[in-house]
Amino acid sequence: SARRCGAILPLAPARLQEDLELVETCVSQQGSALRFVLPTLRENKDIVLKAVSSSGLALEHANEKLRDDEEVVLRAVQGAGLALEFASERLRAVRRIVQVAVSQDGCAIQYAATELRDNDEVVKSAVQVSGQALKHVSPRLRNVQEVVVLAARKHPQALQYASPELRSDRATVIDAVSASFKAFEFAGPELRADPEVIRLAARQLLSTNGLQVSNEELPEAIEKNVLLVSKESGQQLLAALQTGLLTTRAFGLAVVKHDPQLYRKLEEHVKADAEVSLEAVRRVPELFLDIPFPMRNKLAIQVAAVAQRAEMVSFVLPTDVKRVLAAVEQEKALAKSAAC
């Protein structure tokens, strides 16, 4: 039974709960069963070693004294770096133990002593395993280019945890964006408006999806793959493409023709284009509500919405209702005449 599930321990008679062989078998098979072991046996180093060898996180249930035992803690973090959370304060300041923990899971750095979260070598090891570990390191190291670059190469979104200075540093951002277009979202405002950085992010996005293009081919490639670009781009990259790289009307029209619902993600100045708005409403009349207010007063757009969905008239200015309904009726008459 013990080999099937360590959780039988709390159900076992008292004499069996004190049986060392049974307890060792249970925790060896399922380390988390240590939480069901009698407190007196959780002081037994052999039992605890077997438990943390099976599941490093079982360290949480070890006796306080054993959570301050280097051999036990080292065994635990070798299997689960995050077990460092349950080590004693003293051992969370021991570099050898922390180094093993972050080598197994970079995010274990969050449980290390303050001085080790400010240690260059320990932190470099952590971010090379998990870029997101940058979130937990000292402010000083979040402002060290080498550390940030290592983190961003492993996990591009880690750029968000870099210092404001490095998120505005051209070399750092270009390195991160070269690893993944997703890093663009966390670049500083000036670099998000930089044509070279925008082109790099766009090319990286296409490359990630198997499309290799030159800078010269880029605008056409984006418009040909507009659905992919619109769905893959983050908010910042999509905005940058519309303001710094593409012909806004052509891009907007391509977006709504591929997927009208993406009209809502377009920048306001693109939404305000008459042709883009009209195309969106012709395809999905409910998008009339998302059109910038001044453009909603255009007769052609009002008619396109109301002709397909009569209730849209309730969103037309009262002063325009009469002319809109008249134009809709005229369109219907013309269509009926053409059909004859």
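**Exercise 1. Where is the place of Val 77, and is Val 77 buried or exposed?**

Before we start, keep in mind that this is a predicted model.

*Solution.* 
- Step 1: Find the element. Val 77 belongs to helix H4, which covers residues 70-79.
- Step 2: Check the accessibility. Val 77 has a relative accessibility of 0%. Buried means under 20%, so Val 77 counts as buried.
- Step 3: Look for its partners. Setting aside neighbours within four places in sequence, Val 77 is in contact with Ala 83, Leu 84, Ile 97, Val 100, Ala 101 and Gln 104.
- Step 4: Val 52 is 25 residues from Val 77 in sequence, and their C-alpha atoms are 8.6 Å apart in space.

**Exercise 2. Take Gln 104, one of the partners of Val 77, and describe its surroundings**.

*Solution.* 
- Step 1: Gln 104 lies in helix H5, residues 95-104.
- Step 2: Its relative accessible area is 35%. That value falls between the 20% and 50% cut-offs, so Gln 104 is partly exposed.
- Step 3: Leaving out neighbours within four places in sequence, Gln 104 is in contact with Val 77, Gln 78, Gly 79, Ala 80, Gly 81 and Val 129.
- Step 4: Now pick Arg 249, which is 145 residues from Gln 104 along the chain; the two C-alpha atoms are separated by 50 Å.

**Exercise 3. How do the axes of helix H17 and helix H19 cross, and which residues meet?**

*Solution.* 
- Step 1: Locate the pair. Helix H17 runs over residues 274-283, and helix H19 over residues 299-308.
- Step 2: Their axes come within 9 Å and cross at roughly 5°. Because of that angle, H17 is roughly parallel to H19.
- Step 3: On the H17 side you'll find Ala 274, Ser 277, Leu 278, Val 281 and Arg 282; they meet Ala 300, Ile 301, Ala 304, Ala 305 and Gln 308 in H19.
- Step 4: Sort the contact of H17 with H19 by class, and you get 7 nonpolar, 2 polar and 1 charged residues.

**Exercise 4. Which residues does Glu 331 touch, not counting residues up to four places away in sequence?**

*Solution.* 
- Step 1: Start in helix H20, residues 318-339, where Glu 331 lies.
- Step 2: With a relative accessible area of 45%, Glu 331 is partly exposed.
- Step 3: With those sequence neighbours not counted, Glu 331 touches Val 303 and Ala 307.
- Step 4: For a distance, go to Gln 160: it is 171 residues from Glu 331 in sequence and 53 Å away in space, C-alpha to C-alpha.

**Exercise 5. How many aromatic pairs does the structure hold, and which ring does the charged end of Arg 296 sit over?**

*Solution.* 
- Step 1: Count the aromatic pairs: the structure holds 0.
- Step 2: Turn to Arg 296. Its charged end sits over the ring of Phe 288, 6.0 Å from the ring's centre.

Key. Residues are numbered from 1 along each chain as its sequence is written. This is a predicted model: local features need pLDDT of at least 70, side-chain atom pairs count only at pLDDT 80 or more; totals for chains, interfaces and linings use all residues. Side-chain values use heavy atoms; hydrogens and water are left out. Rings of Phe, Tyr and Trp (its six-membered ring) pair if their centres lie within 6.5 Å; planes under 30 degrees apart count as stacked, over 60 as edge-to-face and the rest as tilted. A charge sits over a ring if NZ of Lys or CZ of Arg is within 6 Å of the ring centre and within 35 degrees of the ring normal. Axes are lines fitted to C-alpha atoms, for helices over the stretch in contact, and angles run from 0 to 180 degrees between N-to-C directions. Helices (H or I, at least four residues) and strands (E, at least two) are DSSP runs, numbered from the N terminus. Angles under 35 degrees count as roughly parallel, over 145 as roughly antiparallel, 65 to 115 as roughly perpendicular and the rest as oblique. Contact means heavy atoms within 4.5 Å. Ala, Val, Leu, Ile, Met, Phe, Trp, Tyr, Cys and Pro count as nonpolar, Asp, Glu, Lys and Arg as charged, and the others, Gly among them, as polar. Buried means under 20% relative accessible area, exposed over 50%, partly exposed in between (1.4 Å probe, protein chains only).
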